[in-house]
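Hello,

Here is the structure I promised to hand over.

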Amino acid sequence: MTTAPTAAGGRDLPHPAREEIRLEAVLHALSDPMRLRIVRELAAGGRELSCSDFVLPVTKSTTTHHFRVLRESGVVRQVYRGTAKLNGLRTDDLDALFPGLLDRVLVAATRQSGRPAP
């Protein structure tokens, strides 16, 4: 696992290198409704968002867990900028490894959101 460039203040976070990203880890990360919601919001925003930009119906520690799973699976990249931890989709890496996967998951999630829950 590689480490992101050190930010001011020396905080850095481990991320898998592109060649270390595994399909089963990505699918696991995307299988949780809260993590899928985070990914959908990042995709819709088209830019990096801080953790505080997300309003999720879970505790702060659970939110932190979801972001860690997304980062460790290679779905997002997290970097510190000042005191904010910014999150961005690793679209280029995911598209290079699994062409069309992220787009298809996002389309399916949008379609599903229009249907009533079972």
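**The sheet and what packs around it**

Strand 4 and strand 5 pair in the antiparallel sense through 6 bridges; two strands count as paired if DSSP finds at least two bridges between them. Helices (H or I, at least four residues) and strands (E, at least two) are DSSP runs, numbered from the N terminus. Before going further, please note that this is a predicted model, in which local features need pLDDT of at least 70 and side-chain atom pairs count only at pLDDT 80 or more, while totals for chains, interfaces and linings use all residues. Residues are numbered from 1 along each chain as its sequence is written, and side-chain values use heavy atoms, with hydrogens and water left out.

Strand 4 and strand 5 form a hairpin with 2 residues between them, and Gly 82 in the turn has a positive phi of about 65°. Within this pair, Arg 81 has Ala 84 as its bridge partner in strand 5, and Val 79 has Leu 86. Leu 86 is also the bridge partner of Ser 50, while Leu 49 stands opposite Asn 87. Strand 3 and strand 5 (residues 84-89) run antiparallel and are joined by 2 bridges.

Together these make an open sheet of 3 strands in the order 3-5-4, with antiparallel pairing. Its edge strands, each pairing on one side only, are strand 3 (49-50) and strand 4 (76-81). Helix 2 (residues 33-45) packs on the sheet and touches strand 3, strand 4 and strand 5, where contact means heavy atoms within 4.5 Å. The direction of helix 2 makes about 85° with that of strand 5; axes are lines fitted to C-alpha atoms, for helices over the stretch in contact, and angles run from 0 to 180 degrees between N-to-C directions.

Helix 2 also meets helix 5 (residues 101-113): their axes come within 11 Å and cross at roughly 105°. That makes helix 2 roughly perpendicular to helix 5 (65 to 115 degrees). Leu 36, Val 39, Arg 40 and Ala 43 in helix 2 meet residues of helix 5 including Leu 102, Val 105 and Ala 109.

**The largest pocket**

A pocket here is an open set of points on a 1 Å grid over the protein atoms alone, where a 1.4 Å probe fits, with protein on both sides within 12 Å along at least five of seven lines; lining residues have an atom within 4 Å of a point. The largest one is lined by 15 residues, with Cys 51, Ser 52, Lys 60, Thr 63 and Thr 64 nearest its centre. Helix 3 (residues 60-73) gives the largest share of that lining, 6 residues.

Best wishes

Technical notes:
Angles under 35 degrees count as roughly parallel, over 145 as roughly antiparallel, 65 to 115 as roughly perpendicular and the rest as oblique.
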